[in-house]
Amino acid sequence: MLTFYIWILPLFAQKTIQIRHLDGKKIDAVILEQRLTRLVDSAKISGLQVVIVNRNKIVYSSSFGFKDVENKQNLNDSTVMYAASLTKPVSAYIFMRLMEKGIFSLDQPIYKYLKKPIAEYPKWRDLADDSAAFNRITLRMLLSHSSGLPVLRQLYDNKVHLIARPGEKFYYSNEGINLLGFIIEEFTGKKLEVIAREEIFGPLQMGHTGMIWEKAFENNFSYAYFKDGSKYGSERRESSRAAGSMSTTANDYARFMINLMQKKGLSGSGYRQMFRPQIMVKSRRGFGPLKDSITNENDSIQLAWGLGVGLFKSPFGRAFFHTGHGEANQNYAVAYPKAGTAVILLSNSENFEKSNAQILKLCIGDAYSPLRWLGHLD
């Protein structure tokens with residue numbers, strides 16, 4: 001009888017949890033669970049991890065759907081998911097930690113951190129075609145997506161040529177953040193996965209997170225699925241890519257987000273740099289053909305990029321966010337530091353983004369994230 005009582009008490013306690021929305025209204029955790037379950041099912045989202053932070057503490061953590069649809073294996077809170085571009089804020093934080101140790105300087109041209117001329121690195125030698133422009137690129141530009149590098153070389157005949165003059169325009173760039181990671185490894189002589197473990201994953205006790213695929217992940221990982229439900233597979237990156245090689249869980253990533261909201265691990269100056277708008281975002285969309293279409297529709301929220309994170313203004317203070325978009329994995333994380341509120345959403349489904357607005361509203365009452373700019377409302 002005593003054993004039964006100890007087992008049921010946490011369940012009873014969980015049912016009394018009230019989750020605070022940004023506007024101060026509350027939703028019972030059981031009701032939220034029911035509504036999210038119906039939404040995940042109706043939207044055909046294969047699997048979803050949800051973590052909500054109130055007052056800088058995790059108040060809700062739950063998983064929906066399957067990690068392996070074919071074998072009906074449930075997704076759970078310890079299932080390792082592919083983070084995709086949620087890797088980028090982590091890479092930025094790593095850089096800021098190294099900068100504050102005096103290893104790097106934000107405004108030093110990046111060529112000064114390379115052991116050889118850029119033309120001698122096969123992956124990056126195209127940048128030597130315009131050496132004058134390349135020599136103007138700084139680490140600040142890489143972190144704020146203002147270096148002029150393209151999002152992916154595959155979209156430009158597999159060439160890494162500048163598509164804008166350094167420092168003049170926002171162009172979201174995987175290539176730029178991967179170049180940042182390459183520079184970190186080249187200059188320090190250490191692998192990014194090792195530095196990440198030392199600077200972040202270890203100190204923040206992110207035991208289910210790695211910059212590369214780890215053997216321990218085999219015990220509990222998720223497959224990913226396309227819109228029609230067909231299996232994509234699982235991402236298992238064997239080398240670090242600062243733009244998107246990380247695997248994690250929503251609970252682990254929440255620890256990182258809370259660390260950022262509480263401004264721990266960096267000096268006040270470091271956080272002011274990270275969360276200060278480095279370049280305003282004027283494009284109609286963040287990606288695709290409309291990235292070159294200029295608009296004023298985001299001026300009201302002061303949409304901008306800091307160092308490694310997107311920024312916007314809301315009625316509840318300034319917020320920071322990032323998306324994660326893989327072949328089938330789709331993720332989103334947003335934080336409102338003044339309110340101490342955040343939500344982390346990791347999915348293994350190509351059907352997630354079209355339902356993100358509804359999920360955000362259910363979880364924290366967020367109707368302010370720039371989802372149209374991200375293309376989630378298209």
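Within the predicted model described here, Ala-335 has Ala-342 as its bridge partner in strand 15, where strands, like helices, are runs assigned by DSSP and numbered from the N terminus, with at least two residues (E) required for a strand and at least four (H or I) for a helix. Because the model is predicted, local features are reported only where pLDDT is at least 70 and side-chain atom pairs only at pLDDT 80 or more, whereas totals for chains, interfaces and linings use all residues. Residues are numbered from 1 along each chain as its sequence is written, and side-chain values rest on heavy atoms, with hydrogens and water left out.

The pair formed by Ala-335 and Ala-342 belongs to an antiparallel arrangement in which 7 bridges join strand 14 (residues 330-336) to strand 15; two strands are taken to pair if DSSP finds at least two bridges between them. Strand 14 and strand 15 form a hairpin with 4 residues between them, and in the turn Gly-340 has a positive phi of about 70°. Strand 15 also pairs with strand 3 (residues 47-54), in the antiparallel sense and over 6 bridges. Within this second pairing, the bridge partner of Val-51 is Ile-344, while Val-53 has Ala-342 as its bridge partner.

These strands are part of an open sheet of 9 strands, which has the order 5-4-3-15-14-13-12-11-10 and antiparallel pairing. At its edges are strand 5 (73-74) and strand 10 (279-280), each of which pairs on one side only. Strand 15 (residues 341-347) is mostly covered, with 7 of its 7 residues buried, where buried means a relative accessible area under 20%, exposed means over 50%, and partly exposed lies in between (1.4 Å probe, protein chains only). In a regular strand the side chains alternate between the two faces of the sheet. Both faces of strand 15 are covered, with Thr-341, Val-343, Leu-345 and Ser-347 buried on one side and Ala-342, Ile-344 and Leu-346 buried on the other.

Helix 10 (residues 356-364) lies across strand 3, strand 14 and strand 15, and runs at about 140° to strand 15; such angles run from 0 to 180 degrees between N-to-C directions, the axes being lines fitted to C-alpha atoms, for helices over the stretch in contact. Leu-360 lies in helix 10 and is buried, with a relative accessible area of 1%. When residues up to four places away in sequence are not counted, Leu-360 touches Tyr-332, Val-334, Val-343, Leu-345, Gly-365, Asp-366, Ser-369 and Leu-371, contact being defined by heavy atoms within 4.5 Å. Leu-360 and Leu-345 are 15 residues apart in sequence, and their C-alpha atoms are 8.9 Å apart in space.

A separate set of contacts is made between helices. The axes of helix 3 (residues 87-100) and helix 6 (residues 174-188) come within 11 Å and cross at roughly 35°. In this contact, Lys-88, Ser-91, Phe-95 and Leu-98 of helix 3 meet Asn-174, Ile-177, Leu-180, Ile-184 and Thr-188 of helix 6.

Helix 7 (residues 192-201) has 7 of its 10 residues buried and is therefore largely enclosed by the rest of the structure. The buried residues are Leu-192, Glu-193, Ile-195, Ala-196, Glu-199, Ile-200 and Phe-201. Seen down the axis of helix 7, these residues fall within an arc of 155°, so they line one face of the helix, the arc being that of the directions from the helix axis to the C-beta atoms. The buried residues of helix 7 pack against helix 3, helix 6 and helix 8 (250-261). One of them, Ile-200, is buried with a relative accessible area of 0%. Leaving aside neighbours within four places in sequence, Ile-200 is in contact with Val-90, Tyr-93, Ile-94, Ile-195, Met-206 and Phe-256. The C-alpha atoms of Ile-200 and Asn-259, which are 59 residues apart along the chain, are separated by 9.8 Å.

Backbone angles were also examined in two loops. Most residues other than glycine have a negative phi. Lys-44, however, has a positive phi near 55° and is placed in the loop between helix 2 (29-42) and strand 3, where Lys-44 is exposed, with a relative accessible area of 61%. His-145 likewise has a positive phi near 55° and lies in the loop between helix 5 (139-143) and helix 6, but His-145 is buried, with a relative accessible area of 2%.
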